[in-house]
Amino acid sequence: MSYFIDIKYLNMVGHKLPLFKKKKSDLWNCRCIICGDSSTNKKKARGYFYRQKNDLYYKCHNCLASQHFGTFLKNFDSHTYQQYVFERYSQGENGPKAHKSAEKYMTFEQPVFKKKSKLDEVAVRLDMLPNDNEAVQYCLARNIPLAKFSHLYYIPSVKDIAKIAPQYNTIKTEEPRLLLPFYNEAGELTGVTMRGLRNEALRYIMIKICEDEPLIFGMNTIDKNEPITIVEGPIDSLFLPNSLACAGTSFGKLESLSLPKENITIVFDNQPRNTEVCKIVEKYIKLDYNVCIWPCSISEKDVNDMVSSGRNVQQIIQDNTYKGLMAQLKFTEWRNC
Ligand SMILES: [Zn+2]
């Protein structure tokens, strides 16, 4: 992803570089503006932009300048550079080492979990990992927004979780997993769920770190004064603004939170054939919550699948949220889909 942003910005400033042209795929050439190239031969062009993995680099065969494209851009066009840094880093990309000075522009875009978490002892934040990491690949395949990668972790060996939650020393397996952390409103780690990446029979391993706190995903990031969407799955919540996930259908946790009912929309998975789910949907309609009732035209079973099918889920939820008698009516339709 970052490489394409590099190319975009190279093309934006290319017309200002002397003798700039594309030589072939992944290679561009210009007169070197660092050394001025040759002072006698105006046709000499010994500066090259070339690809290395997921980054663009600049190298001059005359002065031997060698730097990341970001460093080059910073010195060449500081205004465009600021835009570039914003676009590249707001998508959750890491700064390459050669491009250290960009960090000062990154501070205002820091993700919420920037402060050192005890999770760092056993896991690595997804936005710190290379693209070929198993958990990164998994999240890319599920179309999770890159901006959310800083909220997620990769745990290389699942049994290491006992280092921060000793009561789980019974976990003996060593497979890597995707780790989703739960925090309370104060930002304290209350638990984690760890999603298998290799078709493990046990897809999720749930870990409680604070015994007396309900595990609700997203508590540390929501604004209680704005409309809140509540879904079942933590991953699904990553696709919706100002949302929480109950990690299952135990929505009873909600009542302990004292959130204003009128601000809440409950979004259950789309499983009209599941009698247990139907009972819970009906319960929350009777409790007079706003509930999203999926239209029969939608076959995908959860928010993530809908997003992956190209649906505008936020809009669908907005158009299909009901309460009271209308919700009851739509619920009957849905159950008979
Ligand atoms: Zn040069």
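Predicted model: local features only at pLDDT ≥ 70, side-chain atom pairs only at ≥ 80, totals over all residues.

I started with two phenylalanines: Phe-251 and Phe-268 are both buried.

Next, the ring pairs. My search of the whole structure turned up 16 aromatic pairs. One of them is Tyr-81 with Tyr-84, a tilted pair with 6.2 Å centre to centre and 35° between the planes. I checked where these two sit: both are in helix 3 (residues 78-90), three residues apart, which is about one turn of the helix. Buried or exposed, I asked of Tyr-81? Tyr-81 is buried, at a relative accessible area of 0%, and Tyr-84 is likewise buried, at 0%.

Back to the phenylalanines. Phe-251 and Phe-268 form a tilted pair too, with 4.8 Å between centres and planes at 50°. Phe-251 belongs to the loop between strand 12 (243-245) and strand 13 (264-267), while Phe-268 is in the loop between strand 13 and helix 7 (275-286), so this pair ties together parts that are 17 residues apart in sequence.

I then looked for a cluster of rings. Tyr-81 and Tyr-84 turn up again, in one aromatic cluster with Tyr-9, Phe-49, Tyr-58, Phe-69, Phe-72 and Phe-76.

Charges over rings came next. I found the charged end of Arg-51 over the ring of Tyr-3, 3.9 Å from its centre. I also noted Lys-261 over the face of Tyr-289, 5.1 Å from the ring centre.

On to the cores. Which residues have the most contacts inside the largest nonpolar core? I get Leu-126, Leu-178, Leu-244, Val-281 and Trp-294, in a core of 59 residues. Helix 7 gives the largest share of this core, six residues. I followed up on Leu-126: leaving out residues up to four places away in sequence, Leu-126 touches Ala-135, Val-136, Cys-139, Phe-149, Leu-152, Tyr-153, Tyr-154 and Leu-178. Apart from this core I found another, of 22 residues, among them Ile-5, Leu-17, Cys-32 and Tyr-81.

I traced an open sheet of five strands with mixed pairing, in the order 12-11-13-14-15. Strand 12 and strand 15 (321-322) are at the edges with a single partner strand each, so one side of each has no neighbour in the sheet. Strand 13 and strand 14 (residues 290-292) run parallel, joined by three bridges. For Val-267 I looked up the bridge partner in strand 14, and found Cys-292.

Definitions and conventions:
Residues numbered from 1 in each chain as written. Heavy atoms only, no water. Phe/Tyr/Trp six-rings, centres within 6.5 Å; stacked < 30°, edge-to-face > 60°. Helix = DSSP H or I, 4+ residues; strand = E, 2+ residues; numbered from the N terminus. Buried < 20%, exposed > 50% of the residue type's maximum accessible area, 1.4 Å probe, protein only. Lys NZ or Arg CZ within 6 Å of the ring centre and 35° of its normal. Core = buried A, V, L, I, M, F, W, Y, C linked by side-chain atoms within 4.5 Å. Contact = heavy atoms within 4.5 Å. Pairing = 2+ DSSP bridges.
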